Amino acid sequence: MDKKIKKAGVIGAGVMGATIAAQLANVGIETVLLDIVPPELTEGDKKKGLTTESRDFRNKFGRNGLEGALKSKPASFYIPENAKLISIGNLEDDLELFKGVDWIIEVVVERLDIKQRVFEKIESVLTPGTIITSNTSGIPAKEMCEGRSEDFRKHFAITHFFNPPRFMKLLEIVPGPDTLPEVVDILAEVCEKVVGKGIVYAKDTPNFVANRIGTFSMFSVMNAMIDLGLTIEAADKLTGPVVGNPKSASFRTADLVGLDTLLHVADNVYEGTPDDERREMFKAPEFISAMVEKKLLGEKTKQGFYKKSKDSEGKRVILSLDYETLEHTPQEKVKFASLEAAKNISGTGEKIKSLFYAKDTAGQFTFKTLAETLIYSANRIPEIADDIVNIDNALKWGFARKLGPFETWDAIGLGKSVAKMKEAGYEIPAWVDEMLSDGKESFYKKEAGALYFYDIPSKDYKEVPTKPGIILLPSLKDQKKEVAANTGASLIDIGDGVACLEFHAKMNAIGEDIISMFQKSADIVNKDFEGLVIANHGTNFSVGANLPMVLFAAQEEEWDDLDWAIRGLQDSLMKLKYMDKPVVAAPAGMALGGGCEVCMAADCVRYSAETYMGLVEVGVGVIPAGGGCKELLIRNTEHLFEVQKGGIYPKQIEMMPFIARAFETIAMAKVSTSGQEAVKMGYLRPTDKMSVNRDYLIEDAKKTVLAMNIEGYVPPRPKNEIRVPGEATFAMIKLALWTMHESGYITDHDVTVSTKVGYVLCGGNVLADTKVTEQYLLDLEREAFLSLCGDPNTQARIQHMLTTGKPLRN
């Protein structure tokens, strides 16, 4: 079946339905969003003059859902304009719109009878071959499609998105009893490559994979907390970032999900799995029922395990729940020797290992909760999934964890941990015991650059499937594809004549090591390769300059060294910009400061959808000095002077509005909330392309390099006639800054820094319409940067950023 998904329908405009529709629109899929007609007119409707026949009334739920998605934080849309791809309606008047869609997703309330009625209704207008899926979190597929036609059943499956759909990678696909294999293949292909999800193939069992194990783990944490007399906040500290989980940890996550939702999921498992050996774990502790009675449900009722409040001085505080009294009280300071020790250990796996074997209360808590979750996960194969890879991926992608259960088990040492578990009285799954007896000491192993997992049926290792189009740089290094390297970066041969420059410094901050690799890579690629990709697998592409180095040089007044370092960055990025071969940057995550400037120096950018890009230097009291000011000036003004029918735009064209846009972007340290927004801001060009699924980003960038060569790549020529607005426009910028300062909006130091930004963007003390070179602008950037580094206020800002991780607010 060769089917493209060009248009989709979503039934149910609640939070989940509307945000799924938003993600479909983000990736260019035109979407119809329908909900029920409201049961009756409200007083507000009557005041507006609406009747039960008014479209505004009948489409109210759909409109409210779309408006909610537009207002949601974090944002559901990459850019608000994407909402134009969504059309709203209702299930009574607009059902015919579903005739023209390729895929319909049901996202209504979790009740079997309501879902069945919805499916009966839409089947009356279905075009044969239309794919229908449900976003249910636990209702069996076989029950939902009972009574439906053969064509419906063959094209029906479950596609379980996780909230929020834009950001959570996991999508569980669960086929029904009659689902065609090619339907599953189409869903997997579209959801992975177009919608950007990570696919886990689950069985048709209660709550599938992630929620089944995740809920068990949550209840295990609750019970261990009670048994050991820990507080809510202590349990969260022990189940948060220190063990590779998000900052929301356990109870903050429960508040976000909603306690009623959590209990619904747990009840679903309890009722649907009578043979589960740990079924009783899904019965919530007594205090949870009391919380529900008191409406302590979490975010939706403004109080749950935590509550926002104000102290006696009016300052905002977050109180935590005392689960014995059900009163919210000030949080207690959490301090365990093993926790403090773990924080100072490098690597998530080593941190977990340290806590797991610790003897104090924190260690006992970690041992108990982790042992129970690991054993429970092992006992769920093949009930909920066929292998450990699907279970690990589900927990990582569904709950943003760094390690899945079996990866965690490897990290703490399989043999040693099993011995400890047995000593504590736990029963180890037979297949794990058998695996150890057979001399196999880990669930995963690496050989010759390939990753293998232990396969239970064959009782041996199998290679973890790698899909075509996914380039893994560590694997290529294992295969001896590294061409050059130092402590901060590596140049790797990624095949077909293309090399990849990978950063691997801490936070991928750009220091002397990475700068030297820019130079070396340019020389090697010009000689031996057809093009260069700049990319890495880090959480962030690059957070910018090496601030400790800048601060040290400034404090020691080593101005020649600092000048040399900045000049080195400028020269390196200019060398990349004017290489003989095409250069494609492939950012993902944060690309800030120097990271942004690297992308701006490339011929083309293949960006991840979740790219957060900005020139943020003013936040620490300096200005962009690696070409950022220069590039933003060029990008905002070059179109003004393009040759048009018979000549050039008039010399007297007013540049101020375009300079103001660049100035505001830099002076306000604006950061995009998506790759598409980076295009709107001018950091990226409209011709740059997006990859929604980051897994394919490096391969997509490589293809871009190859395509540029096929089309006949010609290196760009240096820009030696850049028009600048000069002193008059600079005077207008200074007047605006003076006005803001007099009104109390900005500080003296803000004026100093922003004046330097304006000076560079206007081309310095020159007349309007003066033509300058790129090197001239780079010299202005560097001089401004160095002068600001000597300012004590700038040094204080840099120190504050290094100490707190946040810019100093005056």
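Me: What covers the buried residues of helix H29 in this predicted model?
Reply: The cover includes helix H21 (473-478) and strand E17 (498-503). Strands E18 (531-534), E19 (583-585), E21 (604-608) and E25 (689-691) are also included.

Me: Which residues of H29 are buried?
Reply: Among them are Leu 697, Ile 698, Ala 701, Val 705 and Met 708. Glu 699, Asp 700, Lys 702 and Thr 704 are buried too.

Me: How do you know that the span of H29 agrees with its 14 residues?
Reply: At 1.5 Å a residue, H29 (residues 697-710) should span 20 Å. The end C-alpha atoms are 20 Å apart, so the two values agree.

Me: Which residues have the most contacts inside the largest nonpolar core?
Reply: Phe 518 and Leu 532 do, in a core of 125 residues. Leu 532 touches Val 705, and its other contacts include Leu 491, Val 525 and Met 579. A second, separate core has 110 residues, including Trp 409 and Leu 436.

Me: Why is Cys 596 called buried?
Reply: Its relative accessible area is 0%. Buried means under 20%, so Cys 596 qualifies.

Me: How do you know that Cys 596 is in no disulfide?
Reply: A disulfide needs cysteine sulfur atoms within 2.5 Å. By this rule the count is zero disulfides. For Cys 596, the nearest cysteine sulfur is that of Cys 599, 6.5 Å away.

Terms used
Residues numbered from 1 in each chain as written. Predicted model: local features only at pLDDT ≥ 70, side-chain atom pairs only at ≥ 80, totals over all residues. Heavy atoms only, no water. Buried < 20%, exposed > 50% of the residue type's maximum accessible area, 1.4 Å probe, protein only. Helix = DSSP H or I, 4+ residues; strand = E, 2+ residues; numbered from the N terminus. Expected span 1.5 Å × (residues − 1). Contact = heavy atoms within 4.5 Å. Core = buried A, V, L, I, M, F, W, Y, C linked by side-chain atoms within 4.5 Å. Lists of a residue's contacts leave out its neighbours within four places in sequence.
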